[in-house]
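Dear colleague,

Please find the structure below, handed over for your records.

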Amino acid sequence: METYNSSNFDRTTVLISLIIISGLSVFFLTDTERAISIAGDIFTMIAYNLGTPILWFGFAMVVVSVYLMVSKYGNIRMGNEKPEYSNFAYITMMALAGVGSGTVYWAFLEWSYYIKTPPFAIEAGSVTAHEWAVTYSLHHWGITAWALYAISAVPIMYSYYVRKNPSLKISDIIKGMIQNQAVGKVVGRIIDITYPIALVFGLIIVLALGVPIVSAAVAQLTGLQDTLMLKLGMLGIVAALLIVSSFVGIEKGMKNISSSGTYFLIALVIYILIFGPTLFILENTSTSISLWASNFIHMSLYTDAITQDKFPQNWTAYFWAYWMIFIPLMCIFITKVSKGRTLREVIACMVGGGTVGTTILFSIVGSFMMKTQLDKQVNISQMVSDGQASQSIVEALNTLPFSSLILVVFIVSTFLLLVTTLDGSVFTVACQTQHVLDKDKNPARMLKIFWCLVIIAIPAVFIIVKAPVGSMQSAILIFAAPLLVLVSFMLMKTFKYMNEDYGQFTAQEIQRMHQLEVSPKKAENEKEAVDAEPVLN
């Protein structure tokens, strides 16, 4: 049985974070309209002033990822040991932790927003607007998004595996990078306090999008009314699964949940492709990918300076900020599961695997939903405008054969995606609020369970008051600016360390330094194979 010492918990950080989170939650409960109004004003102010730097930062992460992939530094291995997970398990764990159930909402519905408010001064509702709709959803969940995670994790991985810093706390790593100890201590404490706050508000959006979708599907399947009690019941089931997974541990719990969630999601996508409008899905996917590939740089740096419709600020910059809010979570999580892999492998699996997965999901599901509207089976855009977004997904799925079966698959996959995201969040925030981790670099179970309850309880407040998701977007952007500065500083210092440690070596030398040891049995088999080869005179 696990023993724990409460004095090992960072009680100051936990207390201050809880006070701030609780205060904001009470404000939303007691003065909902004013809180939503203020949040909207903050979103507008920050989006319009910081949108362009956020766009630049996202594109810079793509450039850095390409550099690390082709440079000699890509051969640096994160610990000279065999990887703990198969490539499939590795990619799915990172992908599902990074996107979660919020992805389900946007995969089904993001295109509908762009038809009504398209980019490039395109006429709303036009053929061109439809062609760009799925294209932009691929962009917002594709290469740049995954590069944000992969490259932001490099400083943590390098510190932990190469520089042998025993701590996984971002604040400890930052303190080691800042020469002035007093300044480093202050910055570290600020990071410790603000990270749980940022994460909770990011998860509010994940839960606010995921739970109503599940409850709407359950209501349709069972004939129950989609009431607040049903939503809270779904939240309770998520909490129970999350606590069980926290007890089991990340090696068993999250690995099994993420793999199962992937299988159900793959089944859902394949079913939609086969039994949905297959030809339209393939044609629209082809069009969307071609537009994205030929306009990637333009879409990445487009700021709408002439028409000032602010599409890139309201959407692209927001999504980059949405991904950035989970950077601390993903940095530690990627570090935890990447032992034995080279930087090149980490980036290839994360950016390549993540992009392929989301491209398949968004193109197939988004095209299916669009065709459902074009055929006038379900008026998706109108239902989204009327606040019936979750119901529109369920009604669209009902147009497929064996709709009850597909609803079950949909519910299970969304549930598992949600638990995977929350499980990774709980693990990371627990790591950040415990002074010393155990020998396997895991936090105490009791601390994980505590954060399970907090992460579930706070979003429940926003679901109860029916706060629109848009009101939480301001919190995302507030934390994006300091994260941009933080990651830039950490990358700058890490590249300096890389140059100091490996600058004098060639790519081949670095590769040999980090070559995995061959087991005696494998070495013997290879020797026998060489000896058996015929000698050519």
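Lys339 forms a salt bridge with Glu84, with 3.6 Å between the closest N and O atoms; a salt bridge here is a side-chain nitrogen of Lys or Arg within 4 Å of a carboxyl oxygen of Asp or Glu. Lys339 lies in the loop between helices H14 (327-337) and H15 (343-374), and Glu84 in the loop between H2 (32-70) and H3, so the pair ties together parts 255 residues apart in sequence. The structure holds 9 salt bridges.

This is a predicted model, in which local features need pLDDT of at least 70 and side-chain atom pairs count only at pLDDT 80 or more, while totals for chains, interfaces and linings use all residues. Residues are numbered from 1 along each chain as its sequence is written, and side-chain values use heavy atoms, without hydrogens and water.

Helices (DSSP runs of H or I, at least four residues, numbered from the N terminus) H5 (residues 127-140) and H11 (residues 278-294) pack at about 60°, their axes 8 Å apart. Axes are lines fitted to C-alpha atoms over the stretch in contact, and angles run from 0 to 180 degrees between N-to-C directions. Contact means heavy atoms within 4.5 Å. On the H5 side, Glu131 and Trp132 are among the residues that meet H11, whose partners include Asn284 and Trp292.

Key. Helix = DSSP H or I, 4+ residues; strand = E, 2+ residues; numbered from the N terminus.
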